[in-house]
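Welcome! Have a look at it first, and then we will walk through it topic by topic.

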Amino acid sequence: MSSTAPPVLPISNAQPAAAGGPGAVMSEAPANNPAFRAFINNLSASLRHGLDQRRPWTELADRSAFSKPESFSEATLRVRKNFSYFRVNYYAVVSLILAISLLTNPFSLVLLAGLLVSWTFLYLFRPSDQPLVILGRTFSDFETLAILSALTVFVVFLTSVGSVLISALMLGVAAVCLHGAFRVPEDLFLDEQDASQTTGFLSFLRGPAAAAVAAVPNVAARV
């Protein structure tokens, strides 16, 4: 009587993919990156601080303070004084015009958002010890930078994104200059020390970037 041996069941041991291999993935999500968190926190704080420094909108739109400038030099002087006083308000107006332009052009908005997300998660806040792997192909930092740069040139100059951004910025600057030239600044209390400093929304260009570099030094090495 012959005995049949029980069948041997195959056992597969799932092992993590090697770093840089075809199935390699980032072990740390970009949202958990300390540099990214520091950037977002400082950006939010800078925006709140900038909004707190804005002047009253009723003061900006006071019709009794408008008059035609007598000369071009007087209009230029008015623009300089009004910009020093209404700096944050002017930034908000330009940002609103830019946002409206992008919202009315959803294709440009999607392209610009995709470009910003690509730079943020694929280069700026990606740990340098974790290479970028796409479809089994490992890309070095130089290759990633070259691809993102080429993609930026294509999106900005070969699509409607560039024309939308330039048109919105030109419209915003024209609105600011027009208001500044016709708004009489004699009733404004200007602080020369504050006017010579960069305040408001421009502060986020230094604060979050410095915090991000301090949190992860390899970000500074890339930039």
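A salt bridge here is a side-chain nitrogen of Lys or Arg within 4 Å of a carboxyl oxygen of Asp or Glu. By that rule, the count comes to two salt bridges. Please keep in mind that this is a predicted model. The points below begin with the chain as a whole and then turn to particular residues.

**The chain as a whole**

- The protein chain contains ten helices and two strands.
- Along the sequence, these elements follow the pattern α-α-α-α-α-β-β-α-α-α-α-α.
- Of the 223 residues in the protein chain, 29% are buried.
- The protein chain exposes about 14500 Å², and carbon and sulfur atoms supply 67% of that area.
- Among contacts in the protein chain with a separation of 6 or more, 80% are between residues 24 or more positions apart.

**Annotated regions**

- An unreviewed UniProt entry carries the annotation "transmembrane region" for residues 109–125 and 145–176.
- In the model, the span of residues 109–125 is 94% helix and 0% strand, and its end C-alpha atoms lie 22 Å apart.
- For residues 145–176, the span is 94% helix and 0% strand, with the end C-alpha atoms 36 Å apart.

**The two salt bridges**

- Side chains of opposite charge can pair when their charged atoms come close.
- Glutamate 74 and arginine 78 meet through their side chains in a salt bridge, at 3.0 Å from N to O.
- Why are glutamate 74 and arginine 78 separated by about one helical turn? The reason is that they are four residues apart in helix α3 (residues 72–85).
- Glutamate 74 is partly exposed, with a relative accessible area of 24%, whereas arginine 78 is buried, at 6%.
- Arginine 137 forms a salt bridge with glutamate 143, and their closest N and O atoms are 3.5 Å apart.
- Glutamate 143 counts as partly exposed at 28% relative accessibility, and arginine 137 counts as partly exposed at 39%.

**Aromatic rings**

- For ring pairs, the centres must lie within 6.5 Å; planes under 30 degrees apart count as stacked, and planes over 60 degrees apart count as edge-to-face.
- By this rule the count comes to five aromatic pairs.
- One of them joins phenylalanine 83 and tyrosine 90: with 6.3 Å centre to centre and 15° between the planes, this pair is stacked.
- Phenylalanine 83 also pairs with tyrosine 91, this time edge-to-face, with 6.0 Å centre to centre and 80° between the planes.
- How accessible is phenylalanine 83? Its relative accessible area is 30%, so phenylalanine 83 is partly exposed.
- Tyrosine 90 is buried, with a relative accessible area of 4%, and tyrosine 91 counts as buried at 18% relative accessibility.
- Phe83, Tyr85, Phe86, Tyr90 and Tyr91 form one aromatic cluster.

**Arginines over rings**

- Tyrosine 85, a member of the aromatic cluster, has arginine 55 over its face, at 4.0 Å from the ring centre.
- Arginine 137, the salt-bridge partner of glutamate 143, lies over the face of phenylalanine 139, at 4.7 Å from the ring centre.

- Where is arginine 54 found? Arginine 54 lies in the loop between α1 (34–52) and α2 (57–60).
- Arginine 54 is partly exposed, with a relative accessible area of 40%.
- Although arginine 54 and valine 88 are 34 residues apart along the chain, their C-alpha atoms are separated by 5.1 Å.
- Beyond its neighbours within four places in sequence, arginine 54 is in contact with Val88 and Asn89.
- Asparagine 89 belongs to helix α4 (residues 87–103).
- Is asparagine 89 buried or exposed? Asparagine 89 is buried, with a relative accessible area of 0%.
- Setting aside neighbours within four places in sequence, asparagine 89 is in contact with Arg54, Arg55, Trp57 and Leu60.
- One of those contacts, Arg55, is the arginine that lies over the face of tyrosine 85.

Key: Residues numbered from 1 in each chain as written. Predicted model: local features only at pLDDT ≥ 70, side-chain atom pairs only at ≥ 80, totals over all residues. Heavy atoms only, no water. Buried < 20%, exposed > 50% of the residue type's maximum accessible area, 1.4 Å probe, protein only. Lys NZ or Arg CZ within 6 Å of the ring centre and 35° of its normal. Contact = heavy atoms within 4.5 Å. UniProt positions renumbered as here; feature names shortened; annotations may be inferred. Areas by Shrake-Rupley, 256 points an atom, 1.4 Å probe, with all protein chains shown as cover.
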